Amino acid sequence: MAAPSVAATELLKLHSMNKRILILYPKASCVFRPISTVGSLCHSQPQLRAKRSVPCLAPLCFSAPQHLVGVVGLEIHAQINSNTKLFSGSPVGFSAPPNSLVSFFDASLPGTLPVLNRRCVEAAVITGLALNCTINKKSLFDRKHYFYADLPAGYQITQQRQPIAVDGMLTYSVLGGKKRSEVIKKNVLIKQIQLEQDSGKSLHDDVRTQTLIDLNRAGVGLMELVMEPDMSCGEEAAAAVRELQLILQALGTCQGNMSEGQLRVDANVSVHRPGEPLGIRTEVKNINSVRYLAKAIDYEIQRQIDVLLRGGTVQNETRAYDSKSGETIPMRDKEGLQDYRFMPEPNLPPLIVYEDSASLPTGIDACQAVVVQKIRERLPELPSVKRDRLVQMYGILPEHSFTLVNEDGLVEYFEAVLKATKREPRKVVGWLTNELLGRLKQQDVSVSQSPISPSALAELLELQETGHISSSVAKQVFQVMWRSSGKTALQIIQEQDLGLVSDTTQLHSICQKVVDSHPDEVYAIRNGNKKVLNKLMGLVQKETKGRADPVLVRAILQEKTS
């Protein structure tokens, strides 16, 4: 009898395995085969390197099995940019001496009552409008009870039942395509925006094994933005938070400095197969940078996939991100649902806002009321509108507008340079993204801290445009300007004799020397390999320290190698 084929052997093995499964599990309704479930965490980014490749058993169906994918929702606390706190007249300040910005109400002394800060209400309304939310004309305040040492009252005043804004949408962009240069727009729904108090801060002294309480932050106004689980990976979440950060900064409602805790992000992460119910989620708390947010989410998605592939169960728990190890670590489980005992805030009436001046009741002073229409008229140019304007006005690529708007102050720098030079906008963008941003990131400084002003850079670009210096010399001068900010481009060029060499006799002599010393390259050019001419041009530029006129050099070399 002929030996069975490899395919037949594998089929027999599979049949035997299924038979054993049916013996152990008589009610099983399907047979199984091994598949690989390690896939890309995010369609818009390259596949992340999996820690391990683990096969699992999946039903043998007519369609291809689906991969486990991440599901991400965000809860973001944005500190309102206000001089005073949400319900008291205490000033707001970062790094003030401990407990120096605390009123009687902040400390929850008996007999003190909350007085709502109108600035905070207007900030929430204009943020809601910018995020396409419906503004509730009537919203309510509630008490959320929990007992922490840095929460003196034993409860937080928030808006659990009826928040000030609901049903919004944030449009953000990620880079995709083969070269990651294509701007892809995505949307995330915003469930609600609510006003609430911040808590104080616990300072743990491990040496003395004690905890100290600083109430400076207690009562500071926050906007909590709850995003629906519409994202699938860390890159998308990071892009959404960055876009929100830009919007809040444009509105002036939040400074968005994550290192100072002005924007704090909690990520709810789970995995599932598309079409199936969402998996058990974990919450990664208090992530304080956009870069760490992306890393934390991607790690957590891969961790949960690994747990499921090993046959384990994802725990409903709160985790923290350790930036040193690049891992999330457990903090506490959430299996026992905490009862916050929400109740209406008895000391605050319903918050009423009005659509327009015509809807104001008789006797209400328009200057004292919060009028949505007046706030809508104050909306500034938002980041998405600014990107479209830059593309249409200057003819730059969408990905360039993405870079310009995402860097704080770079649009203003770009437009200031354009006003002082005749260079094409795309060439100016090239200088900003390659030279300026490269230097700024290398030294970890902002655009406003650049030692080269827009007018100084415009002068340098104008010298290159008019043929006084070559592109290589322009970059060399830029580096000198960065180190010695007091000197202009023209001064540096004159001091170091970097002007373009246009003396035909001198260039002929240098070109002849290069041609004579490279006979093989000349032979290749004369036999049709014209690309070798670029090598000879580079050698001439080396001889002249980058000061030779490239157009003139090319013409001379072509003449001498023809």
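Helix α3 gives the largest share of the lining of the second largest pocket, seven residues, where a pocket is an open set of points on a 1 Å grid over the protein atoms alone at which a 1.4 Å probe fits, with protein on both sides within 12 Å along at least five of seven lines, and lining residues have an atom within 4 Å of a point. This is a predicted model, in which local features need pLDDT of at least 70 and side-chain atom pairs count only at pLDDT 80 or more, while totals for chains, interfaces and linings use all residues. Residues are numbered from 1 along each chain as its sequence is written, and side-chain values use heavy atoms, with hydrogens and water left out.

**The second largest pocket**

- The volume of the second largest pocket is about 1200 Å³, a volume being the space filled by probe spheres set on the grid points, which are joined across faces, edges and corners.
- The second largest pocket is lined by 34 residues, of which Arg242, Gln245, Asn406, Glu407 and Lys441 lie nearest its centre.
- The elements that give two or more residues to this lining are β8 (165-176), α3 (234-251), α4 (290-309), α7 (398-406) and α9 (425-443), with helices (H or I, at least four residues) and strands (E, at least two) taken as DSSP runs numbered from the N terminus.
- By class, the lining has 13 nonpolar, eleven polar and ten charged residues, where Ala, Val, Leu, Ile, Met, Phe, Trp, Tyr, Cys and Pro count as nonpolar, Asp, Glu, Lys and Arg as charged, and the others, Gly among them, as polar.

**Helices α7 and α9**

- The axes of α7 and α9 come within 10 Å and cross at roughly 50 degrees, the axes being lines fitted to C-alpha atoms over the stretch in contact and the angles running from 0 to 180 degrees between N-to-C directions.
- The contact (heavy atoms within 4.5 Å) is made by His400, Thr403 and Leu404 of α7 with Val429, Leu432, Thr433 and Leu437 of α9, and its residues divide into four nonpolar, three polar and no charged.

**Helices α10 and α11**

- Helix α10 (residues 454-465) packs with helix α11 (residues 471-483) at an angle of about 160 degrees, with their axes 10 Å apart, and the two are therefore roughly antiparallel to each other.
- In this contact, seven residues are nonpolar, two are polar and none is charged.

How values were computed
Parallel < 35°, antiparallel > 145°, perpendicular 65-115°, else oblique.
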